[in-house]
Amino acid sequence: MNTMILGMLALVLVAVSVKAQQADAKAAAKALAAYNLDPHASKERLKEAVAAILPDPGGEDLADPKYYILKGEILNTLANQIVVVKQTGLGSLEELPQVDGVAVRAFNAYATAVEKHAQVINSPRYFLQDAIKGLREAQGLLYNFGIYAFEAQDYGSAYLNFSSGLSAHEILKKEGQESVLDDALAMMDQKYLTALAALNNNMTEAARPLFEELYKASYDNAAVYEALYTIHASGEDADLETAYQYLKAGREKYPGEASLLFAEINHFLKLNRLDELIDKLKMAINSEPENLTLYITLGGVYDNLYQRESAAGNSDLASNYFDGALNYYNQSLEKDPNNFDALYSTGTLYYNRAANITIELTEMSEDFSTAGMAKYKAREAEVFAAIDQALPYFQKAESINPNSVETLIALKEIYARKNEPETSNALNERLENLQHGGINETSFFNGF
């Protein structure tokens with residue numbers, strides 16, 4: 001008995017829901033018709049149409065194709081009006097109904113209409129024709145809204161719009177209909193935008209197959225190769241060898257593309273393959289002669305090579321690398337005398353030279369012969385000379401950034417070596433202030 005009552009109650013609820021849905025659909029259709037007669041004078045009618053059609057009353061399973069076609073038409077109309085305002089500057093977006101993801105929702109409505117048409121026995125053919133027409137219109141709107149979202153750096157929304165455009169194409173082709181993406185180049189452009197939006201939104205698995213399709217199709221865009229490098233070089237399953245093959249192919253195809261060159265530089269930096277970086281960085285400097293970061297990076301490569309050869313005891317080669325580092329640091333300072341990174345790096349270069357000579361002094365300290373002592377004093381003088389050369393660079397670096405822990409450590413130790421404990425202690429107090437979460441409001445070497 002209870003089961004029968006519940007069943008009857010369910011039937012009553014379904015009937016009420018269907019009637020409510022039909023009433024809302026009629027109200028929405030009437031409001032849309034009124035709006036279409038005079039869009040400029042009846043903006044409120046578009047709001048009425050949107051309010052009547054959203055959300056779906058009674059649930060999707062109770063709706064017929066006609067309902068979803070109407071829903072798609074209303075949302076397409078709204079999306080069109082938004083595009084007009086954005087492209088012409090006429091009117092105000094605030095005057096229009098506010099619907100998140102309007103183009104995607106319009107597409108979903110038409111896609112559901114196609115699905116419902118296939119499910120309903122003897123559904124009129126013109127329902128499918130109306131849905132197909134709406135899908136084609138939605139494709140253009142999805143592209144526009146994808147671009148708007150991309151420009152606003154809302155990459156998640158951009159991906160939804162662009163990927164919905166691809167889905168619309170699949171539905172149209174399944175139904176044997178024409179699509180705006182039938183042109184091969186238009187299709188590749190759409191896939192590229194979809195993949196790029198996905199990658200920018202950290203949706204690697206969504207981006208990967210699209211970029212791989214573009215790569216296999218020889219899509220003419222250097223960013224495809226950089227993207228595939230980034231995808232394969234990142235994450236827990238990073239495969240640097242595979243990643244570099246894409247990057248290498250891109251460098252061969254686009255030898256003048258700076259972004260690929262910089263990606264290759266970062267790749268070799270990551271692998272610490274310093275010797276191979278020199279020529280690549282010189283190429284980058286030729287490409288962007290005002291990019292100070294390149295000079296400082298190349299100086300750093302030479303600096304690291306200097307450290308390597310010094311540790312190996314190859315003094316001549318180490319000296320050549322030292323000169324190379326100093327040369328590129330100086331070039332960056334010629335372009336910008338107040339560049340903190342260049343100042344700090346130059347100071348560090350001289351300071352490390354002093355440290356390397358100090359290691360030699362430890363080995364020489366056991367030779368008490370007259371010649372040995374003379375050699376020791378000569379090398380010791382070189383240590384203090386290197387420290388004196390490092391000091392003004394660190395001082396100026398501190399005057400630019402008084403909250404650099406590394407600079408304060410270097411300065412504190414230099415003044416301790418120079419037997420100036422008062423200055424060393426003052427610098428140490430500033431260092432401890434930073435280490436305890438404070439900041440130095442002014443520099444110690446203010447006005448240097």
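The answer below looks at helix α11 and the helices that cover its buried residues.

A: The model is predicted. Its protein chain holds 18 helices and 0 strands. The chain has 448 residues, and 43% of them are buried. Of the contacts with a separation of 6 or more, 59% join residues 24 or more positions apart.

Begin with α11 itself. This helix covers residues 258-270, which is 13 residues. From its first C-alpha to its last it reaches 18 Å, close to the 18 Å expected at 1.5 Å a residue. The buried residues of α11 are Ala 258, Leu 260, Leu 261, Ala 263, Glu 264, Ile 265, His 267 and Phe 268. An α-helix has 3.6 residues a turn, so residues three or four places apart point the same way. With that in mind, look at Leu 261, Glu 264, Ile 265 and Phe 268, which are among the buried residues. Just beyond the end of α11, Asn 272 takes a positive phi of about 60 degrees.

Next comes the cover. The buried residues of α11 are covered by parts that include α9, α10 and α12. Two of these, α9 (residues 222-233) and α10 (residues 240-253), also pack against each other. Their axes lie 8 Å apart and meet at an angle of about 170 degrees. An angle over 145 degrees counts as roughly antiparallel, so α9 is roughly antiparallel to α10. On the α9 side, the contact is made by Tyr 225, Leu 228, Tyr 229, His 232 and Ala 233. On the α10 side, the residues include Leu 240, Ala 243, Tyr 244, Leu 247 and Lys 253. Taken together, the residues of this contact divide into 10 nonpolar, 3 polar and 1 charged.

The remaining named helix, α12, spans residues 277-287. In the loop between α12 and α13 (292-311) sits Asn 291. Asn 291 has a relative accessible area of 22%, which makes it partly exposed. Its side chain makes a polar contact with the side chain of Glu 288, at 3.1 Å. Asn 291 is also 8.8 Å from Ser 332, C-alpha to C-alpha, although 41 residues separate the two in sequence.

To put the part together: α9, α10 and α12 are among what covers the buried residues of α11, and α9 runs roughly antiparallel to α10.

Notes:
Residues numbered from 1 in each chain as written. Predicted model: local features only at pLDDT ≥ 70, side-chain atom pairs only at ≥ 80, totals over all residues. Heavy atoms only, no water. Axes fitted to C-alpha atoms, helices over the stretch in contact; angles between N-to-C directions. Helix = DSSP H or I, 4+ residues; strand = E, 2+ residues; numbered from the N terminus. Parallel < 35°, antiparallel > 145°, perpendicular 65-115°, else oblique. Contact = heavy atoms within 4.5 Å. Nonpolar A, V, L, I, M, F, W, Y, C, P; charged D, E, K, R; others polar. Expected span 1.5 Å × (residues − 1). Buried < 20%, exposed > 50% of the residue type's maximum accessible area, 1.4 Å probe, protein only. Polar contact = N/O pair within 3.5 Å; in protein donor to acceptor, adjacent residues only side chain to side chain.
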